Structure formats: structure tokens, C-alpha cells
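Here is a quick walk through a few spots worth a look on screen. Keep the sequence and the 3D view open side by side as you read.

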Amino acid sequence: MTSPRITVALSVYNNDRYLAAALGSLLAQSFGDFELLVVNDGSTDGSRAIIDAYAARDPRIRAIHQPNRGLIPSLNRMIAEARGEYIARMDGDDIALPERFARQVAFLDAYPDHGVVGTRVIAITETGEPRADWTIDHPIDADAVHAALEAGPLLCHPSVMMRRSLVTMVGGYRAAYRHCEDYDLWLRLDERTRMANLPERLLRYRYSTTQVSHRHVLAQHYGAAVARLARAERIAGRPDPTDGWDTLPPVDDLDAAFGRAGVARAIRAEVTRGILYHPDSLAGDGLPLIAKHVRETRSERGARVPGLWRAVARLARSGKPVAAMRLAKALVRG
């Protein structure tokens, strides 16, 4: 059997409200030479029945039903089973515009030095209306994407198409980087290839406050900080100590893991900077981390992350007075 040009990797967990629209948008692509791998990751809603109904109608769909294992194992399973030259990502609540695959295949065919191409996106609400209050213009050319590695959004993960050979070469997604698995992958791929975004908005990206990006802000910032540190080790020619990790260790264990003093302190400062505008993280597990950062920098002018007193006011305005008082107390002591 001739291999398809594209393997679409779609991981589904309790997406029955949106799944028919997502699957329908994929089957309506103007470029039809693809297989669609759908991993139903232990859904407890009606997702399985929807997937099976679509698979019965279109032989390009391969349904895989498994107990709940999480996004990273699901993605790695689809990479292992993929037959396409290119892997296209999408989530079960997003909608691909009809020309998405055609434009991305044409780009990768024309630019063999590029291994990843995303698209700009249209943010939509849970009910499908455009969100005028949320627009991100992801960088377009490869130099701009590379420059954004440290400072901003690079690629919208559900919009990307990647060369399967490169994703396999770098080992796919790494288990330790849960909630920021895509960012860790971009850092590793950047060392081997060029990445870009199409200027067209070819994906309707469903954006809500219940997403992982809202519920796991602290874990995302912590994982991203460690991923950047691991990248610096690789670029310096040293082994990446996070290779093979199933989970990230507590912050205090990072000095031992990376074999030098000061790593944990630097990560605490970076995570503090990252969560200052997220009251839920400030009031939760982020508060002890910030308090220790304050203690560590109490006698060093300019070492403390700025804006912590403004964060106290932000917590109070967000209806978290107890957390605001605790952070203020830590700052006064510091």
C-alpha cells in the first residue's frame, strides 16, 4: 500500500461537544492524501461513538481506543504508528480551514531546510464565535521564530505540520515536560532544522479558561525554564540531564541534577517572573516558591524580580486576600 503524504495526529479526551466539527474539517481538506490517526485516550463521554461512526465512513481514519494515558504517550504512539512523510497535529476541539494541509505541504516541499511549519490561527470561544479580544500573530519566517525561542509564542501546537523523520530523530515528545511538551520539542528541533509559520490563519483554535494553559501555568513555566536550561547544556556540548526523566524533580533538586550550584535559584527567579500575572498560581503552589526567591535575594540589590508588590495588589483585586497578605508578609520580612 502506498504511504500517504500526511499522518494527522489527533488525540481526543472527552471532546464529544466539538469532535464532529473537528473531524469534518479534516475530511473536508482540499489536500486529501492523508491518514487520520485518532487516539481516544480513555474518554468517558460520547467521543468513542463519534470516532467509530466517522471511521466506518472513511477508510483514511484509524481509530485507536486506549485507557487514559495522557497527551504525551498518545502523541508518541501516533508518531510510532505514522506512515506519512509529514505529521500534522490538531486537537479534538479545533477546526482546520480547507486549505490548511495544501498550503503546508506546498511549503515543506518547497523548503527542504524547514522541518516544521505552523499557521496563524483564529481564536474562537467554546461556542465557536471569534474572540476579538485574543489575537496572537505568531512570527512568520524562520529567523523570527528562532528569535522568539526565549521570549514569546513560537508556534500554535495544533496548527503545525512536521517532517516525521526529524520528530523521530529527536525522540518525539518527552514525558518529563508535561504541559509544555511542545515547547521542549521546538527547542530540540531548532538545533537541527528551521521552523516557520504561514501568515494565513488556517486553524480555528478553541480558547477557553479551562484549557491546560490556564490550569497549569506554574507547571508550564517551570517546565519551560528547565527545558531552556537543558538546551543550554546541549549547546555547550554537555549531556542533557533531563533525557530519560519521567517527571521533573522539585526545584531544590536541580543543583544536584545539573551538577552545579545556583541552578535552582535561577529557575526560581525565572518562574517567579513568569507567574506574576496569574493570580491562581500566585495564590497556590507558586507562593512558597516566590517566598523562597525573596529570602534568597534579601541582601542583593537588583537580584529580586521586580513587580512583586504589584502582584500583592493584583491578588487582592482578584479576591485572594489571604494570599495577598502572605506574599506581603514575605516581602516585608525580606
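## A covered helix

In helix 7, the buried residues are Glu181, Asp182, Tyr183, Asp184, Leu185, Trp186, Leu187, Arg188, Leu189 and Asp190. Buried here means under 20% relative accessible area, with exposed being over 50% and partly exposed in between (1.4 Å probe, protein chains only). Helix 7 spans residues 181–190 and is mostly covered, with 10 of its 10 residues buried. Helices (H or I, at least four residues) and strands (E, at least two) are DSSP runs, numbered from the N terminus.

A word on the ground rules: this is a predicted model, in which local features need pLDDT of at least 70 and side-chain atom pairs count only at pLDDT 80 or more, while totals for chains, interfaces and linings use all residues. Residues are numbered from 1 along each chain as its sequence is written, and side-chain values use heavy atoms, with hydrogens and water left out.

## Helix 15 and its two partners

Start with helix 14 (residues 308–317), which packs on helix 15 at an angle of about 160 degrees, with the axes 8 Å apart. Axes are lines fitted to C-alpha atoms, for helices over the stretch in contact, and angles run from 0 to 180 degrees between N-to-C directions. Helix 14 and helix 15 are therefore roughly antiparallel to each other; the cut-offs are over 145 degrees for roughly antiparallel, under 35 for roughly parallel, 65 to 115 for roughly perpendicular, and oblique for the rest. On the helix 14 side, the contact uses Leu308, Trp309, Ala311, Val312, Leu315 and Ala316, and helix 15 brings Ala323, Ala324, Leu327, Ala328, Leu331 and Val332. Contact means heavy atoms within 4.5 Å. By class, the residues of this contact split into 12 nonpolar, no polar and no charged. For that sorting, Ala, Val, Leu, Ile, Met, Phe, Trp, Tyr, Cys and Pro count as nonpolar, Asp, Glu, Lys and Arg as charged, and the others, Gly among them, as polar.

Now for helix 13 (residues 286–296): its axis and that of helix 15 (residues 321–333) come within 9 Å and cross at roughly 15 degrees. That makes helix 13 roughly parallel to helix 15. Leu287, Ile290, Ala291 and Val294 of helix 13 meet Ala323, Arg326, Leu327, Ala330 and Leu331 of helix 15. That contact of helix 13 with helix 15 has eight nonpolar, no polar and one charged residues.

## A buried aspartate

Asp240 sits in the loop between helix 9 (217–235) and helix 10 (254–258). Is Asp240 buried or exposed? Asp240 is buried, at a relative accessible area of 10%. Its side chain makes a polar contact of 2.9 Å with the side chain of Arg174, and another of 2.7 Å with that of Thr242. A polar contact is a pair of N or O atoms within 3.5 Å; within protein, one must be able to donate a hydrogen and the other to accept it, and residues adjacent in sequence count only if both atoms are side-chain atoms.

## Two positive phi values

Most residues other than glycine have a negative phi. Asn14, though, has a phi near 55 degrees. Asn14 lies in the loop between strand 1 (6–12) and helix 1 (19–27), and at 30% relative accessibility Asn14 counts as partly exposed.

His179 also isn't a glycine, and has a positive phi of about 80 degrees. Look for His179 in the loop between helix 6 (164–169) and helix 7; at 12% relative accessibility, His179 counts as buried.
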